[in-house]
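Please look over the sequence and structure below before reading on.

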Amino acid sequence: MNIRKLEAHEELPIGLLLEADPSEQLVRGYCADGHCFIAERQGAVIGVFVLVALDPDTAEIKNIALAEPERGKGLGKRLVVAALEEAKNLGFSVAEIGTGNSSLAQLALYQKCGFRMKSIDRDFFTRHYEEPIFENGLQCRDMVRLDCRLR
């Protein structure tokens, strides 16, 4: 798997990005403001993450997604570690990530990669998304925010 920054002339892997965030409007907005990285295997895009500066010291991983056939192979962890390394290379000292209260596997993965819980934005998903989101038998309502020191 090769990870690289998406070039300005290349199209966003919007289908993959929408697997992690169902709002195309939000996805296109933060991709325009940030750095989009893709993971490729044999010329095919199999993963993506987007880094956006929150302030001069903090980058947020706004979206991280892996193609469904590639899941369960340890590649998600490699994407998270690559995102942390890219954030560090860009000069940030802290990385943040947010995920839904119902995203149980993601919460475990992020903590295994060194993230610690920071805060909860109650009702984030009911305020920002028109359609309810369900995952793991739970309604996704709250945004769980985590952070990780890079230095």
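Helices (H or I, at least four residues) and strands (E, at least two) are DSSP runs, numbered from the N terminus. The model is predicted. The points below take up helix H2 (residues 24-33), then the largest pocket and the second largest pocket.

**Helix H2**

- Val 27, Tyr 30 and Cys 31 are the buried residues named in H2.
- Viewed down the axis of H2, the buried residues fall within an arc of 105 degrees, so they line one face of the helix.
- Packing partners of these buried residues are helix H1 (14-20), strand E3 (44-55) and strand E4 (58-66).
- Gln 25, Ala 32 and Asp 33 are exposed on the other side of H2.

**Largest pocket**

- The space in the largest pocket comes to about 1,100 Å³.
- Its lining has 43 residues, and Ala 20, Ile 64, Thr 99, Gln 106 and Tyr 110 lie nearest the centre.
- Strand E4 gives the most to this lining, with 7 residues.
- By class, the lining of the largest pocket has 22 nonpolar, 11 polar and 10 charged residues.

**Second largest pocket**

- About 150 Å³ of space lies in the second largest pocket.
- H2 and strand E2 (35-41) each supply at least two residues of its lining.
- Among the lining residues are Cys 31 and Ala 32; Cys 31 is buried in H2, whereas Ala 32 is exposed.
- Other residues lining the second largest pocket include Lys 5, Leu 6, Glu 7, Gly 34, His 35 and Cys 36.
- The lining of the second largest pocket divides into 6 nonpolar, 2 polar and 3 charged residues.

Conventions. Residues numbered from 1 in each chain as written. Predicted model: local features only at pLDDT ≥ 70, side-chain atom pairs only at ≥ 80, totals over all residues. Heavy atoms only, no water. Buried < 20%, exposed > 50% of the residue type's maximum accessible area, 1.4 Å probe, protein only. Arc of directions from axis to C-beta. Contact = heavy atoms within 4.5 Å. 1 Å grid on protein atoms, 1.4 Å probe; cavity = no way out; pocket = protein on both sides within 12 Å on 5 of 7 lines; lining within 4 Å. Points joined across faces, edges and corners; volume = space filled by probe spheres on them. Nonpolar A, V, L, I, M, F, W, Y, C, P; charged D, E, K, R; others polar.
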